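I opened this notebook to record what I looked up in one structure.

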Amino acid sequence: MSEIVRTRYAPSPTGDPHVGNIRTALFAWALARATGGKFLLRIEDTDRNRLVPGSVDTIFESLRWLGIEWDEGPDVGGPHAPYVQSERLPLYRQAADDLIARGRAYRCFCTAERLDQMRAAQAAAKQPPGYDGHCREIPHAVSAERAASEPHTIRFKMRREGVTVLDDLIRGRVTFENALQDDFVALKSDGYPTYHLALIVDDTAMQITHAIRGEEWISSAPKHLQLYEALGLEPTKFAHLPLIMGPDHKKLSKRTGDTALLDYRKNGYLPEAMINFLALLGWSLDATTSIVSVDDLTRSFSLERVVPNPAVFDIDRLNFLNGHYIRQIAPHAWVSTVTRWAERTAPDDVARPLDPAMLAKAAPLLQERVARLDEIGPQAAFLFGYEAPEYEPTALVEKIGGPLNGALPILDAALAALDALPGEGWTKDAIEAAIRGMEATLGQKLRKFVSVLYVAAEGKPTGLPLFDSLELLGRERSLQRLRTARAKAEHAA
RNA sequence: GGCGCGUUCGUCUAGUGGCCCAGGACGCCGCCCUUUCAAGGCGGAGAUCAGGGGUUCGAAUCCCCUACGCGCUACCA
């Protein structure tokens, strides 16, 4: 019989989920979806010192943004509820007691101070760090008695002979020397379990089949394997995903840029792009596909196609994908996206509310020009003021070169040509014809002199197409901006 | 330091003994299109497959060694 795949994402509520964690969630979710299995969400809040209020909501929000939905979890419940570890304490206690009863764990009364001294001594003597087994041989009766009055942890007795073998789904067989292991804390003195114990208890209770996690966990795999064995439980399969690294080839961190997933939403990235990007950080559909939809991922994902080597987070690639998906957005939906983002990201001196008709007309022009949604406001801003955004007079000749007064004949010709257009004839085509007519009067190709008009109209030599822009601006504002440019050129020259 | 993982164009990757003097994508460069910028189309440069030994008729693909990178080494996850 083939088992039903059950995977989980088990974050700690210690802050905003980072892209690395979310990539892990994405893969776990994709595996469940691709195999017709279940994906669950479990909150691992066993470290009371590091709890950050609001984290759980941010975790929900992050997953939802990408469309990663869970079949069981803290909010939706499920057959193995609760899905929050702090609400499952009796289970861990029971497992810890069971371990003691089986002779595989013992109470440890060592204080933090003694542990620090021990480590310092080991470091000084160039010994490998690790618990020295100080409390391992305390007679059970003594231990039980002291437990009533002394704070203590429960340590797991690692087997010290032989090897522990992990058959990793991504890396193959990994062997660990047991002699190098030490007895780790399974239940802390505050009664909360450590990650190690909680993992085994919950993955077993929740019938998880595949533990998918980052490579930073591979070193503690022997602890988990031995814990399963000591408790007489069948271990899950393990898949250790490669790490995601920053441009500096170090594990991605705040230092190297944005890492919180939701920062990408704030910065104008699309969830489709994020998923596509993250999916390809370690996994591939085939030899040539680089555009991967959510459907492709949830239909075709497999751990066999996950590589073991770490991947550098390449923002250029993300930007490319984001631009690609932006261009896929249907016209109507794009208009509302443009409206939302223009309101949010246009410069503060641009009056609100923005003109909806203007936005609707500018939308298609923007669609093929932005890679991120937060570029919409700045790019469209020039459409909403009476005058063009502030610019230095020299910008007028930035592209054509030469002295500032070289802009004068161009502006004069434009003024003459456009002023001749009647208000009702102020259309893109008529504007284009008028400006192209300047080629004859100036004896210059259009491309040689348009940049001056771009600056006059938009405040910079590049931007939305000139003829469309002038039409949108209307006759009055267009002519005014040309006059302003002329004045600037004249006075500064 | 110890242990573990990893190592194919700058980056993400394809590749599981001959189809590879290594394919795709991003980025970069050039051309085309063109009112700027983009988008799009076409083309180009770019990897002696980390290095060295083997195994084999034949290796990016198998084995060993070395180097380098990263991760872990808590009553954190």
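The entries below concern a predicted model.

**Entry 1. Domains.** I began with the division of the protein chain. Chain A is split into domain 1 (88-241), domain 2 (331-383) and domain 3 (393-492). I then looked up the separation of two of these domains. The centres of domain 1 and domain 2, taken over C-alpha atoms, are 56 Å apart.

Entry 2. Which residues come nearest to RNA strand B? I found 65 residues around RNA strand B, and Arg-171, Lys-250, Arg-369, Arg-436 and Tyr-454 come nearest. Of the atoms of RNA strand B that come within 4 Å of the protein, 71% belong to sugar and phosphate.

**Entry 3. Individual contacts with the RNA.** For the base, a polar side-chain atom of Tyr-454 lies 2.3 Å from a base oxygen of RNA strand B. For the sugar or linking oxygens, Asp-47 places a polar side-chain atom 2.8 Å from one of them. For the phosphate, an N or O atom in the side chain of Arg-155 is 3.3 Å from a phosphate oxygen of RNA strand B. I next asked which elements give two or more residues to the surface near RNA strand B. Among them are strand S4 (153-156), strand S6 (172-177), helix H4 (112-124), helix H11 (315-328) and helix H18 (446-458).

**Entry 4. The sheet containing S4.** I followed strand S4 into its sheet. The sheet is open, has three strands in the order S3-S4-S7, and is paired antiparallel. Strand S3 (105-108) and strand S7 (185-187) are the edge strands, each pairing on one side only. From one strand to the next, the twist averages 45°. S4 and S7 run antiparallel and are joined by two bridges. Arg-155, recorded above for its phosphate contact, stands opposite Val-185 in S7.

**Entry 5. Salt bridges.** How many salt bridges does a search of the whole structure find? I noted 32. I examined one of them, in which the side chains of Arg-8 and Asp-203 meet at 2.5 Å, N to O. Arg-8 belongs to strand S1 (residues 6-9) and Asp-203 to helix H6 (residues 195-205), so this pair ties together parts that are 195 residues apart in sequence.

Definitions and conventions
Residues numbered from 1 in each chain as written. Chains lettered and ligands numbered in written order. Predicted model: local features only at pLDDT ≥ 70, side-chain atom pairs only at ≥ 80, totals over all residues. Heavy atoms only, no water. Near = heavy atom within 4 Å. Polar contact = N/O pair within 3.5 Å; in protein donor to acceptor, adjacent residues only side chain to side chain. Helix = DSSP H or I, 4+ residues; strand = E, 2+ residues; numbered from the N terminus. Pairing = 2+ DSSP bridges. Axes fitted to C-alpha atoms, helices over the stretch in contact; angles between N-to-C directions. Domains from an automatic or database assignment. Salt bridge = Lys/Arg side-chain N within 4 Å of Asp/Glu carboxyl O.
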